[in-house]
Amino acid sequence: MSESKAINQDIEPYITEDIDTNDYVEATYEYEKINSISVNTEFDEDEVKDESILGKVFDTSDDAYTSYNDYSFLHGFDIRRYDTIKTPITNEPFWKIYVSNNEGFKKWTKMLQVKMRKKHRRDVRTGCQAKLRITRQDDGKWLVDSFNDTHTHELTMTPTKVMKHRSHINFHRSIEGKSLVVHFGQAGLKPSQIKKAVNTMKNSNLAGVTSKQCVDVLYEKRKQHIGKEFYGVIKHFRDKTLVDSDQYFVRDLSDDGYPRDIFWADGRARDAYTKFKDVVVFDVTYMTNKFKMPFAPFTGVNHHGKSILFSGALLENEKEETFEWLFEHFLKCMFNKYLKEIITDQDKAMGNEIIKVFPKTRQRFCSWHIMKHETEHLRSYVSHYSDFQEMHKQWVNSDTIEQFEATWEVMSSKYELESNFWISDMYNQLMYWAKPFLNDTFFADMTTTGRSESINSFFDGFVNLRTMLNEFVVQYDKAVESRRVAEEDEDFKTMNSRPVLSLLHPIEAKAG
């Protein structure tokens with residue numbers, strides 16, 4: 001694509017990782033809109049023209065980065081990736097800009113100031129103007145078309161000190177360094193533990209690795225493996241489509257083309273949802289595979305009072321955008337029939353997207369999760385006040401709204417609960433868990449995520465933490481089929497037997 005065509009298009013938002021010292025990573029959201037060829041796309045007029053760099057051509061953008069990083073090493077500073085501008089039509093990189101790590105100034109917010117103080121982080125931004133820009137040519141190579149070597153900070157001229165700059169800590173990028181990090185990661189060590197182990201084993205002349213660098217190496221390795229595994233997953237569902245035309249399967253890809261989330265439901269499960277969609281339990285706490293991707297089942301209850309699986313998903317993370325993608329596809333998969341009630345944990349990202357995607361669905365918090373948090377957040381009150389536990393129990397089990405509010409007023413004043421953030425937050429969310437406010441809603445006797453937990457325990461016989469993704473979907477089908485055989489057995493018993501009655505009353509007999 002020509003430069004004029006690229007410039008005349010709106011460039012979409014993109015994210016760059018601005019990395020400071022002391023393992024600090026700030027996600028800086030940039031937005032560039034270039035709408036006219038007359039816009040000045042060059043750097044400032046006082047740019048230093050270094051003929052040895054300006055006009056250089058590189059086979060890849062990584063080669064250009066390495067060359068500029070070598071240059072910065074010799075001149076006493078370090079660099080970072082700043083911008084990637086893509087062509088809107090092909091979404092391929094068109095410009096890349098590398099800058100001094102001292103470029104710009106920190107955008108200070110109250111939250112950022114608190115975070116920096118807590119972790120004793122120092123600001124390295126001095127408004128440095130040093131930067132290098134490369135442009136992709138028609139033959140795929142990269143040309144340095146703009147270069148500025150103006151610095152606003154002191155340069156580090158001692159070799160042993162230059163090595164401590166972030167972009168020059170290269171051991172984690174070497175084959176030996178990556179192998180060590182991956183090896184310790186597979187052994188189950190945390191990034192902080194891997195950092196200590198690797199720094200103990202490396203050559204003392206090399207700069208040490210950081211926990212963040214260990215995380216990056218492991219993430220790249222994980223992406224490579226997941227990408228290979230996903231091909232097997234995709235083939236599995238494509239093959240199933242040949243025998244089940246009502247199957248629904250979708251995958252979500254990251255910006256660099258790696259698959260990160262998958263969602264699926266077969267035809268029978270989709271049909272079951274139309275009959276038993278009154279209450280759905282959604283839980284993401286179950287890890288069932290080698291890559292530790294959360295398994296997120298949508299679970300209901302059938303006409304035998306047994307758990308039934310509507311659909312499943314494997315997720316990369318538990319962020320709002322992930323839940324939004326998942327819930328929208330769940331709704332589309334289920335013929336745009338909104339579920340009536342949903343039981344979840346207290347995850348705020350999940351709750352926000354439920355309100356957004358399922359605005360008319362009644363949400364309830366899992367009581368098991370609430371009780372788990374009660375133990376953690378109310379322990380000091382229980383130990384300090386002998387009657388607190390009993391009064392708290394009366395409040396939680398209130399039958400009417402009036403009783404609930406009156407007991408809260410007494411508790412709040414007597415034990416000074418306003419200072420307890422957790423219980424105050426729970427009071428503000430009483431519509432999602434307090435019994436008096438939920439008496440008008442049918443939850444099929446499911447007040448906890450016990451349904452989802454029983455499904456999870458059911459899968460335990462088929463999958464485990466070492467299960468590969470392509471194997472997981474196969475074992476998933478086997479587990480679901482086993483559950484359906486059990487349901488058919490229940491159907492047979494219902495049609496060919498009668499329950500033993502306790503009262504011998506006609507109404508009881510009719511219900512039986």
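Visitor: Hi! What is the strand order in the open sheet of five strands?

Guide: Hello! The order is β3-β7-β6-β5-β4, and the pairing is antiparallel. This is a predicted model, where local features need pLDDT of at least 70, side-chain atom pairs count only at pLDDT 80 or more, and totals for chains, interfaces and linings use all residues. Residues are numbered from 1 along each chain as its sequence is written, and side-chain values use heavy atoms, with hydrogens and water left out.

Visitor: Good to know. Which strands stand at the edges?

Guide: β3 (57–58) and β4 do; each has a single partner strand, so one side of each lacks a neighbour in the sheet. Strands here are DSSP runs of E with at least two residues, helices are runs of H or I with at least four, and both are numbered from the N terminus. Two strands pair if DSSP finds at least two bridges between them.

Visitor: How many bridges join β3 to β7?

Guide: Two, and these strands run antiparallel. Phe 58 has Trp 142 in β7 as its bridge partner.

Visitor: What packs on that sheet?

Guide: Helix α2 does, touching β3, β4, β5, β6 and β7. Its direction makes about 150° with that of β4. Contact means heavy atoms within 4.5 Å. Axes are lines fitted to C-alpha atoms, for helices over the stretch in contact, and angles run from 0 to 180 degrees between N-to-C directions.

Visitor: And β6, which strands is it joined to?

Guide: Five bridges join strand β5 (residues 93–100) to β6 (residues 131–136), with Ile 97 opposite Arg 133. Six bridges join β6 to β7 (residues 142–148), and there Leu 132 stands opposite Phe 147. Both pairings are antiparallel.

Visitor: What lies between β6 and β7?

Guide: Five residues, the two strands forming a hairpin. In the turn, Gly 140 has a positive phi of about 90°.

Visitor: Switching to charges: how many salt bridges are there in the whole structure?

Guide: The search finds 18. A salt bridge here is a side-chain nitrogen of Lys or Arg within 4 Å of a carboxyl oxygen of Asp or Glu. One of them pairs Arg 81 with Asp 62, at 3.8 Å from N to O. That pair links distant parts of the chain, with Arg 81 in strand β4 (residues 79–86) and Asp 62 in helix α2 (residues 61–75), 19 residues apart.

Visitor: Is Arg 81 buried, partly exposed or exposed?

Guide: Partly exposed, at 42% relative accessibility. Asp 62 is partly exposed too, with a relative accessible area of 48%. The cut-offs are under 20% relative accessible area for buried and over 50% for exposed, with partly exposed in between (1.4 Å probe, protein chains only).

Visitor: What does Lys 240 form a salt bridge with?

Guide: Its partner is Asp 477, and the closest N and O atoms are 3.3 Å apart. Lys 240 lies in helix α7 (residues 211–241) and Asp 477 in helix α17 (residues 469–496), so the pair ties together parts 237 residues apart in sequence. Lys 240 counts as buried, at 16% relative accessibility.

Visitor: Which residue does Asp 266 meet in a salt bridge?

Guide: Arg 484, at 3.0 Å from N to O. Asp 266 lies in the loop between β9 (259–265) and α8 (267–276), while Arg 484 is in helix α17, so this pair ties together parts 218 residues apart in sequence. Both Asp 266 and Arg 484 are buried.

Visitor: Now β14: why is it largely enclosed by the rest of the structure?

Guide: Because eight of the eight residues of β14 (residues 307–314) are buried. It pairs with β9 in the antiparallel sense over three bridges, and Ile 262 stands opposite Leu 314. Four bridges join β13 (residues 298–301) to β14, also antiparallel, with Val 301 and Ser 307 as bridge partners. β13 and β14 form a hairpin with five residues between them, and Gly 305 in the turn has a positive phi of about 75°.

Visitor: Last one: at what angle do the axes of α13 and α14 cross?

Guide: At roughly 155°, and the axes of α13 (residues 388–396) and α14 (residues 401–415) come within 9 Å. The contact involves residues including Phe 388 and Trp 395 of α13, and Phe 404 and Tyr 415 of α14.
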